[in-house]
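Dear colleague,

I am passing on the structure below, and after it I set out what was found. Please read the notes alongside the coordinates.

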Amino acid sequence: MYLATSRAADNGGPATGNTALRWRRVSGNVVALGLVSLVTDISSEMVTAVLPLYLVLGLGLNPLQFGLLDGLYAGATAVLRIVGGYAADRWHRLKAVAGIGYGLSAICKLGLILAGSSVAGIGAVLAVDRAGKGIRTAPRDALISLSSKPEALGRSFGVHRALDTAGAFLGPLVAMGVLWVSLGDYGSVFVTSFCIAGFGVLLLVVAVRDRVRKHRAAGIPLRAMFALLGRNSFRRMCGWAALLGLVTITDSFVYLALQRRWEISSTLFPLLPLGTTGVFLLLAVPLGRLADKVGRWKVFVGGHLALVVCLLLVCGPVGGPWPAVGALALHGTFYAATDGVLPAAAGPLLPEGLRASGLALLQTGQALARMASAVLFGLAWTLWDLGPSLLVTAGLLLAITVAAAVVKPWEAKG
């Protein structure tokens, strides 16, 4: 439905019906990229859905040890985001660089079989897998930005993130199905994940169009990328994204906190991400459209307020299942309001020829901050226990969110 509608719009055809009116400004290239992400996320989430519980309960890692591994998982993308963004802009090959990242992540699924129960081996494979994500993210988001009209960036990123999240929603279900058919053989999950990831790479090659400018510069010096930080509005946006990332706990810790607070069984634990991704899937497009109308920075800041309430529900005094349900819903709202909205807000602040490089700088600062956040929260949980750690994190997040709402990037609308 999305593809047919967007192609009609791209070709200048008439808009018919409410669906066409709603999606007429979403490029077919954006939808193709979304489908690639959908397939890739099915593969990724098949593996990652069970890892937190396996590492903490199965291998006996304490919260600090898990925080170090989770920080490595979050931060392994950091430097390579800059490499991927810069290479894509310098070589004018956004699609090719993104394809390298997708291919690297696909190959890593087989590496998990060789790692076995070795924590170091698993950590190394996860680091390489996230390196692949780091290489592909900025070129992919630049392709989305350059394939969209400026006034519809929030909508375009919302459609992409909705398709991406649909894959994240299906991944754990596919993994459970494979485990059931294979009688609990995790090797079968990894092999199936590799095959699905390979199909995602093939889909990228066949369905996605590159965005190559007719008049290209011979080459872009590395200093041109870092010179983007001389733009006041973009520098301020990078700063706020990093500060907010520093007090944003990772998904794995949210799910482990829910598991501990409500004593969720290991059988049901892999279903917790489905609550987040389900809400993300429902709200990604509506909140993207809202961001285009009322201001992307307002929606981005509002998403962090949702995360504050989520953390308070997890550590609050109210019992029963509803606070857990509400926490997962707010966690999904946080992602729907931030994940695609931030690059949509940053895109207009960057020149077309340095779009991937600028987004890489923004995302690198955020990734490094979240790496530090995972380690610090793991340390706090080890020293103070879960409740006080969540309360301190929520308080710091609230303070920085309010400051970001007041001192917003100069050119960010809203």
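**Spans and helix packing**

Over residues 238–258 the chain is 81% helix and 0% strand, with the end C-alpha atoms 31 Å apart (helices are DSSP runs of H or I of at least four residues, strands runs of E of at least two, numbered from the N terminus). This is a predicted model, in which local features need pLDDT of at least 70 and side-chain atom pairs count only at pLDDT 80 or more, while totals for chains, interfaces and linings use all residues. Residues are numbered from 1 along each chain as its sequence is written, and side-chain values use heavy atoms, with hydrogens and water left out.

Residues 299–319 are likewise 81% helix and 0% strand, and their end C-alpha atoms lie 30 Å apart. Both spans are among those that the unreviewed UniProt entry annotates as "transmembrane region", although such annotations may be inferred rather than shown by experiment.

Helix α14 (residues 272–294) and helix α15 (residues 296–315) have axes that come within 6 Å and cross at roughly 130°, the axes being lines fitted to C-alpha atoms over the stretch in contact and the angles running from 0 to 180 degrees between N-to-C directions. The two are therefore oblique to each other (angles under 35 degrees count as roughly parallel, over 145 as roughly antiparallel, 65 to 115 as roughly perpendicular and the rest as oblique). Their contact (heavy atoms within 4.5 Å) joins L287, L290, A291, D292 and V294 of α14 to R296, K298 and V299 of α15.

Helix α3 (residues 28–48) packs against helix α7 (residues 94–115) at about 25°, with the axes 11 Å apart, which means that α3 is roughly parallel to α7.

Best regards
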